[in-house]
Amino acid sequence: MEPQLLHGVTDSVATVVIRHPAKRNAMTADMWRSLPPLLDRLAADPDVRALVLTGEGGTFCAGADISTLRESPDEAQGLAVDAEEALAAFPKPTLAAVRGHCVGGGSQLAAACDLRFAEEGALFGVTPAKLGIVYPASSTRRLVSLVGPATAKYLLFSGELIDAERALRTGLVDEVLPEGELDKRVTEFARILVSRSQLTQAAAKEFANGRTDRDTHWAEQARGSGDTAEGVAAFLERRPPRFTWTTSG
């Protein structure tokens with residue numbers, strides 16, 4: 001099977017699947033290159049209100065295909081960072097659904113998602129110290145923002161793997177599900193995400209990511225959107241709200 005990123009959209013949720021079974025879903029150079037334009041297309045799709053990233057089978061992603069590092073380590077790292085930043089910049093909520101190994105570049109991608117749900121038995125590792133690689137500054141800062149400097153140093157200095165329970169305690173993941181229940185929970189939570197106000201989500205994502213120059217923009221969007229009036233009316237009338245604001249408008 002050719003290494004590739006599969007994707008589809010169901011019930012307003014885009015799902016991107018990392019597929020490279022011969023190497024535990026390791027990312028090739030072509031896979032890194034293909035992710036940013038794929039995300040651009042999904043972001044522009046008005047039917048997409050949330051995105052789930054996962055791996056095919058029992059593994060999320062074992063990192064970068066090491067053969068690409070032998071050929072050109074700087075180019076390979078640049079491709080990984082470009083893909084990570086594109087995922088972090090996706091304007092709608094993103095959720096990594098992790099089972100099995102989530103290591104190296106896999107951890108970069110998971111960390112770039114807004115949320116991470118893991119199945120019991122998942123293993124996480126940030127492994128550049130095993131290869132003599134300087135982990136990118138942007139990736140390091142993102143990791144520190146999730147787990148704090150002490151845990152980030154533990155992961156980066158040692159390259160050791162941690163289990164899902166420790167990942168949960170340190171903030172690397174948000175929920176841990178029993179074996180066999182991850183897909184059900186991800187589907188359930190994605191349904192919640194797509195039912196909520198995109199206006200609230202988009203503004204909250206920017207604010208949480210540290211952007212400080214768009215307060216006025218979001219106040220204007222809120223005044224003109226009608227989402228607040230609809231949300232209040234729906235609450236008082238005890239019905240589901242019908243929010244209309246979208247990231248494209």
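A: Cys113 is buried, at a relative accessible area of 4% (buried means under 20%, exposed over 50%, partly exposed in between, with a 1.4 Å probe and protein chains only). The model is predicted, so local features need pLDDT of at least 70 and side-chain atom pairs count only at pLDDT 80 or more, while totals for chains, interfaces and linings use all residues. Residues are numbered from 1 along each chain as its sequence is written, and side-chain values use heavy atoms, leaving out hydrogens and water.

Searching the whole structure turns up zero disulfides, a disulfide being a pair of cysteine sulfur atoms within 2.5 Å. Cys113 is accordingly in none, and its nearest cysteine sulfur, that of Cys102, lies 9.2 Å away. For Cys61, the closest cysteine sulfur is also in Cys102, at 7.3 Å, which is too far for a bond. Cys61 is buried too, with a relative accessible area of 0%.

Now the helix contact. Helix 1 (residues 29–44) packs against helix 3 (residues 73–88) at an angle of about 25°, and their axes are 9 Å apart. Helix 1 is therefore roughly parallel to helix 3 (the term covers angles under 35 degrees). On the helix 1 side, Ala29, Trp32, Arg33, Leu35, Pro36 and Leu39 take part; they meet Glu75, Leu79, Ala80, Asp82, Ala83, Ala86 and Leu87 of helix 3 (contact means heavy atoms within 4.5 Å). By type, the residues of this contact are ten nonpolar, no polar and three charged.

Note on methods:
Axes fitted to C-alpha atoms, helices over the stretch in contact; angles between N-to-C directions. Helix = DSSP H or I, 4+ residues; strand = E, 2+ residues; numbered from the N terminus. Parallel < 35°, antiparallel > 145°, perpendicular 65-115°, else oblique. Nonpolar A, V, L, I, M, F, W, Y, C, P; charged D, E, K, R; others polar.
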